[in-house]
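Subject: Structure for you to look at

Dear colleague,

My notes on what was found come after it.

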Amino acid sequence: MSQRQVLQGVISLLRPLLLDVVPTIQQTAALALGRLAYFNDDLAEAVVKEDILPQLVCSLSEQNRFYKKAAAFVLRAVGKHSPQLAQAIVECGALEALVICLEDFDPGVKEGAAWALGYIARHNSELSQAVVDAGAVPLLVLCIQEPEIALKRIAASTLSDISKHSPELAQTVVDAGAIAYLAQMILNPDAKLKCQVLSALSQIAKHSVDLAELVVEAEIFPVVLTCMKDSDEYVKKNGATLIREIAKHSPELSQFIVNAGGVAAVIDCIGSCKGTVRLPGIMMLGYVAAHSENLSMAVIVSKGIPPLCTCLLEEHEDHIKAAAAWALGQIGRHTPEHARAVAETNVLGTLLSMYMDIRSSEDLQLKAKRALKNILQKCTYLPALEPLLHDAPPNIMKHIVGQFSKVLPHDSKARRLFVTSGGLKKVQEIKAEPGSLLQEYINTINNCYPEEVVRYYSPGYSEMLLERVENYQPVL
Amino acid sequence: MAALVRLETRLSRLREEYFLKNRSVDEDRKIVYKAAVKIQSWFRGCRVRAYLRYLNKMAISIQKWWRGYQSRRYFRKMIKTAYFIMKMNFYNEMAVRIQKRWRGYYVRKYTHNYYALKKYLEAISLNNEIVRNELQEYAEMNEKKKKKKDLEKKEKEKKYKARKMHYLLSTEQIAGIYNSPFRKFPDPMELLLRQSKPLSHRQQQPKSPFTYDLYDWPTCKRPPAFPTGEPLPPIGRQKPQGPFRDAAEVLRQRYKPLEPTLRVAASISSPLEKAREEMKREEWRKCIHDNEFLPFSSYHKNEKYELSIHASEKIGKETYGIKHFREVQPNKWIAGKNSCIS
């Protein structure tokens with residue numbers, strides 16, 4: 001017998017047990033169904049097809065709390081697999097019954113109901129809207145205030161799942177007064193609760209400037225910064241996500257975060273973690289630096305560049321490296337001061353190698369190229385540009401040579417250094433089409449030097465001299 | 001007369017002469033006429049030309065004068081405008097200088113204030129230092145707490161283990177495993193064993209799903225555990241010969257704790273009734289007298305009013321202690337009365 005048939009058989013065996021007289025049997029049957037459906041989505045579909053759900057929903061309102069817990073578990077197990085199954089649950093009217101369960105006295109029942117609602121609302125915004133329309137949000141906010149930690153956790157996670165889809169849903173959650181309670185719970189020592197609370201706040205804040213400002217007004221700073229020092233990795237990640245979602249909307253919010261010392265906390269967090277946990281922190285630095293040059297300078301002053309460079313070098317995942325490259329580009333692109341600060345850490349070479357590496361993903365190559373271009377267009381720090389002359393491809397080369405052509409005419413020491421370090425030689429070796437921008441830059445550079453020097457360094461000079469020797473008629 | 005003859009002779013010639021003269025004059029007349037016309041015309045022409053010339057000269061003079069006047073006017077205007085433009089340029093130039101200075105000053109002081117930016121960045125780094133220090137302290141505090149918790153947990157475990165393994169304590173005769181005679185001093189575990197109280201083998205009642213409803217509120221985690229000890233059979237007892245059941249089993253069955261159903265376990269009276277009972281008991285306890293309170297004065301009509309002690313005494317200072325020092329009751333005196341013993 002195939003597994004599917006076996007499963008069908010199981011369902012048809014369990015189904016009459018749900019109607020048994022003895023309550024313990026009913027509960028155990030419901031628990032069994034829930035456990036089966038949790039791990040196997042075929043079974044979950046079978047549960048839906050066999051019309052077990054309406055029965056469960058009816059008995060949800062009548063039976064005692066153990067049955068309610070088991071029935072909520074079944075609904076959760078079915079709803080977690082796919083949006084279609086969740087839709088089926090909504091259609092059989094489970095939402096109202098679950099919302100009634102949310103008002104029950106027993107915290108276990110509330111937890112089960114909230115969990116089921118959370119799994120349903122997770123899939124897409126229509127299902128979330130259905131959950132909200134059933135009136136779940138005020139009851140969830142009440143659940144958050146209960147003393148049991150597990151219930152708080154689940155209620156926070158459900159609010160997070162509801163508000164993540166669209167700004168209107170987030171606004172509904174905010175209107176129920178959730179933000180104040182969520183903000184208070186950041187101080188709770190339980191790590192998983194903090195995770196969920198931070199995730200809920202970040203899902204609310206990510207949609208628009210007003211929502212982010214509301215979250216900030218709940219006085220989460222500087223308490224949130226203590227989360228960045230928590231021992232649990234996911235608390236740090238979610239805390240960084242929250243700060244990132246707030247910082248990305250407007251320069252004023254970024255300014256506020258910088259003034260509260262958020263940048264230092266995030267930089268320490270990046271330095272102490274490894275892997276994907278770093279990603280939101282890196283993106284936050286990028287967003288802050290992108291808004292204005294003062295903020296970018298604040299990031300530089302808070303020693304933000306060295307952790308980003310180490311990220312670029314150490315990490316294995318391409319998307320983290322791409323984020324680090326993007327953040328560096330945002331920091332360095334404003335003025336020559338910023339570009340100098342970035343270039344002094346010798347990270348331009350790394351960016352170039354990443355751009356040239358065939359094994360890097362497209363995204364990484366693109367971000368590295370853009371970052372490199374942005375920084376190079378403002379960089380006047382010649383010692384950092386020199387090493388790049390040797391390996392750069394033509395499209396980057398023109399920016400490098402362009403920068404040299406801007407700086408060299410005005411600085412005699414730099415000219416001397418350029419010659420002695422072999423840069424002039426390299427520039428002569430570049431072949432450019434006449435009339436192109438690159439050729440103009442090369443001409444500008446050549447015009448900074450006397451004729452003989454340029455000829456001395458042009459390729460093939462020694463052969464030319466030898467030829468002259470050959471053709472010379474000695475004067476007797 | 002001679003003149004007359006001469007004249008007559010000349011007369012005949014005269015007529016010819018006259019005729020010839022007239023003829024010649026006639027012949028010359030055209031020429032002369034033409035010449036006269038020519039002369040006249042030329043002269044008229046001259047006159048007219050002179051007149052025209054004169055007119056021309058006058059016209060020229062007028063025009064010259066008029067044009068000069070207009071140009072001078074125009075020139076004056078041009079000078080005025082040029083002067084005006086020059087003035088305006090000068091003013092513009094000066095205004096530009098002022099604006100240049102002002103804008104530079106304003107931007108440098110308010111918009112892109114370099115020193116304020118520097119101060120701000122310094123303040124940021126200072127603030128960052130402070131924040132970093134505080135976070136470091138917080139992290140250290142957390143670490144310490146965690147360590148402390150771990151340590152305490154370990155201690156608790158150790159103590160529990162020692163209590164469980166109390167039988168491993170060494171006695172006078174038999175040295176325990178932690179108190180080997182070859183050791184210089186006993187193992188710390190031995191010391192722990194000496195200190196700990198033996199753990200009695202009490203098992204917690206397994207929590208049944210139907211717990212008592214009184215204790216079923218969310219804040220109370222566990223129902224009161226009714227410790228039902230499982231008594232051990234006495235040590236060293238020989239197993240009785242015969243088809244007897246295992247002693248431990250029998251004892252377990254004999255002393256099986258009551259497992260009441262929900263209906264039995266729950267009290268008969270609902271919480272409401274229990275609360276009422278409670279209230280009644282309180283009332284009973286606090287009750288001072290049984291006289292019911294009668295509100296209206298008509299209920300007290302038949303009662304005689306009893307004077308209070310204070311009001312039934314005579315007014316004035318107490319004479320005892322001042323006027324007399326003994327209590328005297330004259331009606332009890334025997335002497336001085338007329339007939340007392342009769």
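This is a predicted model: local features need pLDDT of at least 70, side-chain atom pairs count only at pLDDT 80 or more; totals for chains, interfaces and linings use all residues.

Residues are numbered from 1 along each chain as its sequence is written, chains are lettered from A and ligands numbered from 1 in the order in which they are written, and side-chain values use heavy atoms, with hydrogens and water left out.

Two packed helices are described by the angle between their axes and the distance between the axes. In chain A, the axes of helix α14 (residues 191-205) and helix α17 (residues 233-247) come within 8 Å and cross at roughly 15°, where axes are lines fitted to C-alpha atoms, for helices over the stretch in contact, and angles run from 0 to 180 degrees between N-to-C directions. Therefore α14(A) is roughly parallel to α17(A), a term that covers angles under 35 degrees. Helices here are DSSP runs (H or I, at least four residues), numbered from the N terminus. Residues of α14(A), including Leu198(A) and Leu201(A), meet residues of α17(A), including Leu242(A) and Ile246(A); contact means heavy atoms within 4.5 Å.

The largest nonpolar core has 180 residues, of which Leu182(A), Ile220(A) and Ile246(A) touch the most other members. Such a core is a set of buried Ala, Val, Leu, Ile, Met, Phe, Trp, Tyr and Cys residues joined through side-chain atoms within 4.5 Å, and buried means under 20% relative accessible area, exposed over 50%, and partly exposed in between (1.4 Å probe, protein chains only). Helix α5 (residues 65-79) of chain A gives the most to this core, with nine residues. Leaving aside neighbours within four places in sequence, Ile220(A) is in contact with Ala183(A), Ile186(A), Leu201(A), Val215(A), Leu242(A) and Ile246(A).

Most residues other than glycine have a negative phi, and most peptide bonds are trans. The bond from Phe221(A) to Pro222(A), however, is cis, with omega near -5°, and Pro222(A) lies in the loop between α15 and α16 of chain A. Asp51(A), in the loop between α3 and α4 of chain A, has a positive phi near 60° and is partly exposed, with a relative accessible area of 48%. Lys303(A) also has a phi near 60°, and lies in the loop between α21 and α22 of chain A.

With best wishes

Definitions and conventions:
Helices (H or I, at least four residues) and strands (E, at least two) are DSSP runs, numbered from the N terminus. Angles under 35 degrees count as roughly parallel, over 145 as roughly antiparallel, 65 to 115 as roughly perpendicular and the rest as oblique.
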